[in-house]
Amino acid sequence: MREQRRKDAVWKFLTYSFILVMTVAMMVPLYWMIVAATLPQEEFIQFPPRLYPGTHFFENFAVLHAETEFVVSIWNSVFIAVVYTVLSVLLCSMAGFAFAKYEFRFKEPIFYLILATLVLPIQLLVIPLFLMMSQIGWMDTFRAIILPWLANPIGIFLMRQNMRSIPDALLESARMDGATEFQIFYRIALPAMRSSLAALAIILFLFQWDLFLYPLVILESSANYTIPVALSGLEESRRINYDQIMVASSLAIIPLAILFLVLQKQFVSGILAGSLKE
Amino acid sequence: MARIDITDLVKVYDSGDESIVAVEDLDLGVKDGEFLVLVGPSGCGKSTTLRCIAGLEDVTEGSIHFGDREVTDLRGSERDVAMVFQNYALYPHMTVRQNIGFGLKLSSSLPSAEIAERVESVAEMLGITPLLDDKPKELSGGQQQRVALGRAIVREPAVFLMDEPLSNLDAKLRAEMRTELQELQHDLDVTTVYVTHDQTEAMAMGDRIAVMNDGILQQVGPPEDVYRSPANEFVATFIGSPSINLLTAEVDGTTLSGPAGFTYELSNPEPVEGRSRVRVGVRPEDITLVKGGSNRATVSVVEPMGNENFCYMELGEHELTARIDPTLRPQAGEEVAFAFDESALYLFDVDTGEALKTKTDAVAAGIGTEAR
Amino acid sequence: MSTKHTSDGYHRLWDRFRSFRRELTERTPSLTRSQVAYLLISPFFVLFGLFLLFPIVYTIYLSFFEYQGVGDGRLFYVDLGPIFFEVPRIAELQFVGFGNYTSMLADGLFWQSMFNTTYILAIQVPIMIGLALALALALNAGFVRFKGVFRTAIALPVSANIVAYSTIFLILFNETGFINYLLSVVGVQPIEWMRSEFWARKTIVGAVTWRWTGYNMIILLAGLQTIPQQLYEAAEIDGASRWEKFRYVTLPQLKPVLLFVVVLSTIGTFKLFAEPYVITGGGPTNATITIVQYIYEEAFVGSPNLGYASALTVVFVAIVSVISIVQIKIGGDD
């Protein structure tokens with residue numbers, strides 16, 4: 001019995017150590033980002049480096065702001081991601097509702113066509129989209145970044161799956177109450193789906209937020225850059241120092257990290273929803 | 001308030017190449033203020049019929065009138081009906097107050113203040129006033145049930161339609177709500193069509209009951225009539241619990257002889273005249289265990305119910321059920337003799353199931369049988 | 001009383017709106033349900049056809065051509081006075097048949113990028129899944145406290161922007177960076193991470209692992225929580241050791257989720273672009289250039305070989321689709 005208890009204690013110790021080590025490992029890059037962002041460049045590049053944050057964040061930020069248009073990029077990214085998310089959630093839930101709750105001709109073939117594109121890495125349609133956008137004069141515009149991904153196959157798939165769980169009786173009840181089909185959609189189906197909508201919104205927001213290759217190709221002027229494009233630009237332009245790049249990175253990560261902490265439940269359900277593609 | 005007249009109703013579902021007939025040539029009238037129960041096994045077309053009345057399904061053929069108004073092609077919201085669904089179908093994101101008021105808000109021209117008043121008074125009638133600002137998921141099953149009722153009542157419709165509204169409640173609550181629903185319907189005096197698969201509920205609640213099977217209306221009548229004089233073997237089997245005992249017997253003049261030596265002498269052989277075989281039915285409560293007799297069966301199980309005992313017996317391959325006095329406790333394996341009155345005997349056609357003879361005893365005579 | 005008054009005003013306004021709405025509903029011809037359905041799907045489907053179906057077909061088409069420049073002239077146009085709409089010829093192309101595909105076979109850089117991607121994948125995916133599984137198991141253990149805190153901390157990188165975290169790793173693995181400092185503390189010579197083929201690839205592995213371990217842990221944790229507790233209790237009564245419980249209860253029960261996570265991660269790592277682009281720039285001497293990065297460079301850096309890049313895309317998408325189909329097969333089993 002005592003032997004067993006000692007074994008258990010060792011096991012517990014090992015488990016905790018592992019969790020702690022991994023937690024620390026996960027925190028190190030973020031910590032280092034903060035250290036780098038709050039030190040002046042000279043102090044940061046010395047070896048051995050200073051291991052704790054300084055107070056130079058705002059100075060670094062001021063230089064970044066003066067020499068680059070990074071603040072505009074943050075705004076661009078937020079604007080694009082929010083507009084995209086709202087529109088795409090609306091579009092996907094409309095179509096998902098139709099596929100889940102109505103009968104119409106060619107319903108199955110259309111749905112399977114959409115389903116088939118689910119397996120494609122759609123971010124790789126960069127070349128034809130680039131050609132299309134340059135032909136219709138949409139290069140360097142936000143609409144070129146937003147529109148192509150609105151009809152997101154994952155979005156419609158998730159919405160169809162979730163909308164199917166709405167009891168038919170609920171819709172019929174609304175019909176009896178005198179609601180039109182559109183009222184049924186936005187007064188009954190959408191509010192009843194609130195948590196799935198939140199999960200989908202997070203999937204779509206992260207998708208757009210992390211889009212890099214495509215905006216890198218489409219966006220030309222730095223005033224239109226999104227965060228990832230702007231950051232990769234900073235990293236290439238040698239006149240910008242690491243302290244400023246790290247300020248930029250912090251600004252790119254910290255708001256979303258806070259969002260993650262606040263909306264953790266929705267993030268997790270978003271991840272799980274996104275991973276359960278049948 | 002309105003009379004409902006359903007004439008030659010046909011509902012066919014087309015699914016690809018095959019079409020399924022859900023309701024066949026249904027004619028049914030519901031009187032003004034009546035409580036009619038549509039009952040039958042699942043898939044018998046009772047819900048489809050209700051949904052046709054509600055306007056949730058398009059009618060393939062036939063017509064539906066509410067009073068003098070033809071409603072066959074009207075949308076549900078234009079028919080002046082209210083429906084209570086099996087799972088209540090409460091809008092999960094709305095409070096009880098909003099749930100009850102939603103229909104009035106959308107489709108009536110009442111001013112908001114009056115809608116609010118009506119919601120309040122309905123809530124008071126149902127005793128759910130304290131719950132008005134709760135969301136459905138915070139309520140118990142019984143409370144949700146009341147809200148669903150409230151949502152129907154508040155619209156003051158000409159017709160109430162209820163689709164198995166009590167089937168999600170536990171047994172005790174179901175019995176309570178049964179009474180309450182009946183009282184409510186009686187007070188409001190609104191024509192009601194109520195669908196259930198539970199024959200006990202149908203018997204207990206309906207002014208009249210309409211039994212359906214395979215899309216065909218089998219019989220309509222007051223519960224007692226349907227029980228005592230079923231139109232056919234299906235109705236006899238479906239109504240009554242435990243189920244009626246049935247077996248096939250050969251007819252030889254006035255003698256019926258069944259399996260395992262079962263014989264019965266008819267004093268009035270008129271119903272079986274010209275037939276060689278017939279289906280014989282006896283309700284469990286009409287079977288009595290007797291001291292001596294020619295009809296014998298082996299007891300398999302006795303279930304004590306407290307006020308009575310259910311005695312399951314084997315007659316050859318057949319199982320017989322008898323409801324017997326709680327003081328009688330035959331042992332399993334024991335051979336017992338049983339008997340029943342001819343007045344309690346049902347006879348059905350072997351092929352069509354049509355009733356040839358049903359109970360003929362007077363209602364009061366039942367007491368005499370038991371006293372014996 | 002004043003509140004009563006304002007609420008009356010509000011009610012009156014609201015009632016007027018309701019009667020307007022009701023009138024509108026009554027006046028507008030009621031649509032059949034299938035018409036409503038078509039209205040609901042049409043915006044999605046138009047965008048889907050325009051920006052997904054067409055580009056897919058066009059990529060395949062393009063892969064049989066050599067790109068010679070942006071097209072001029074128009075394919076057709078619509079002129080409705082105020083609305084003018086034209087569809088231009090998309091590009092000037094020269095048909096080369098399977099030329100792009102055959103030259104791929106002899107393209108050393110294509111094979112190099114395939115090798116790099118596979119190499120990174122073969123190391124990164126097992127490490128990440130192993131860590132994610134171990135973490136999920138540890139955080140699922142009954143005795144561990146502050147689970148929420150640990151889970152949040154480990155999953156935090158999920159929210160990190162892909163380029164932003166890549167730049168952090170660039171600095172972390174700098175010659176004078178934190179990692180080299182740590183090594184110096186334990187007495188190891190600093191490593192020139194970005195100059196060595198071996199270490200550059202390991203840096204990419206480290207970065208991707210950091211970003212996605214928490215993500216996979218969340219999925220695995222959810223999978224673990226669906227395993228019925230009775231199974232463990234039954235195993236306990238049968239005298240199973242910790243390892244045996246893992247081997248005979250957890251692993252078989254978790255298998256579908258685990259396989260799914262593996263395939264998902266494989267595809268994810270296959271699509272690697274931002275990390276090598278930012279951290280190593282594909283170097284040193286193309287040791288970390290990935291397929292997607294190579295497609296990008298062929299198409300958009302220097303002279304645009306869009307036809308060839310399209311052929312590369314087709315091959316790449318074919319590979320990923322095969323993996324995805326395997327994934328669906330696996331996921332479809334339960």
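This report walks through a predicted model, chain by chain and contact by contact.

## Where chain A meets its partners

Let's start with the meeting of chains A and C. On the chain A side 76 residues take part, and on the chain C side 85 residues do. Helix 1 of chain A, which covers residues 2-37, gives the most to chain A's side of this contact, with 12 residues. Sorted by class, that side of chain A has 60 nonpolar, 10 polar and 6 charged residues.

Chain A also touches chain B. Here 14 residues of chain A are in contact with 17 residues of chain B. Two helices of chain A, helix 9 (168-176) and helix 10 (181-192), each supply at least two residues to the side that touches chain B. Helix 9 of chain A has the largest share of that side, with 6 residues. The class count for the side of chain A that touches chain B is 8 nonpolar, 2 polar and 4 charged.

## A helix pair across the A–C contact

Now for a pair of helices from two chains. Packed helices are described by the angle between their axes and by how far apart those axes are. Helix 1 of chain A packs with helix 5 of chain C (residues 147-155) at an angle of about 40 degrees, and their axes are 8 Å apart. Roughly parallel would take an angle under 35 degrees, so helix 1 of chain A and helix 5 of chain C count as oblique to each other. The crossing of helix 1 of chain A with helix 5 of chain C is left-handed.

Which residues of helix 1 of chain A and helix 5 of chain C meet? From helix 1 of chain A come A:Ile19, A:Met22, A:Thr23, A:Met26 and A:Met27, and from helix 5 of chain C come C:Phe150, C:Ala153 and C:Ile154. By class, this contact has 7 nonpolar residues, 1 polar residue and no charged residues.

## Inside chain A

Where the two domains touch, domain 1 of chain A brings 8 residues and domain 2 of chain A brings 7 residues. On the domain 1 side, helix 1 and helix 2 (41-45) of chain A are the elements that give two or more residues. Helix 1 of chain A gives the most to that side, with 4 residues. In terms of class, the domain 1 side has 7 nonpolar, 1 polar and no charged residues.

Further along chain A is helix 6, residues 126-135. Is helix 6 of chain A mostly covered or mostly exposed? It is mostly covered, with 9 of its 10 residues buried. The buried residues of helix 6 of chain A are A:Val126, A:Ile127, A:Pro128, A:Leu129, A:Phe130, A:Leu131, A:Met132, A:Met133 and A:Gln135. After helix 6 of chain A comes A:Gly137, which has a positive phi, near 70 degrees.

## Inside chain C

Chain C has 13 helices and 4 strands. It runs to 334 residues, and 39% of them count as buried. Take the contacts in chain C between residues at least 6 apart in sequence: 69% of these join residues at least 24 apart.

One helix pair here is helix 8 (residues 197-225) and helix 10 (residues 242-270) of chain C, which pack at about 160 degrees with their axes 10 Å apart. An angle over 145 degrees counts as roughly antiparallel, so that is how helix 8 and helix 10 of chain C are described. Helix 8 of chain C passes helix 10 of chain C in a right-handed crossing. Among the residues that make the contact are C:Trp212 and C:Asn216 of helix 8 of chain C, and C:Val257 and C:Ser265 of helix 10 of chain C. The class count for this contact is 8 nonpolar, 5 polar and no charged residues.

## A closer look at C:Thr266

C:Thr266 belongs to helix 10 of chain C. Why does C:Thr266 count as buried? Because C:Thr266 has 20 C-beta neighbours inside 10 Å, and 20 or more is what buried requires.

Leaving out residues up to four places away in sequence, C:Thr266 touches C:Leu121, C:Val125 and C:Ile323. From C:Thr266 to C:Thr250 there are 16 residues in sequence and 23 Å in space, C-alpha to C-alpha.

Notes. Residues numbered from 1 in each chain as written. Chains lettered and ligands numbered in written order. Predicted model: local features only at pLDDT ≥ 70, side-chain atom pairs only at ≥ 80, totals over all residues. Nonpolar A, V, L, I, M, F, W, Y, C, P; charged D, E, K, R; others polar. Axes fitted to C-alpha atoms, helices over the stretch in contact; angles between N-to-C directions. Parallel < 35°, antiparallel > 145°, perpendicular 65-115°, else oblique. Left-handed = near helix turned anticlockwise from the far one by under 90°. Buried ≥ 20, exposed ≤ 12 C-beta atoms within 10 Å, placed from the backbone.
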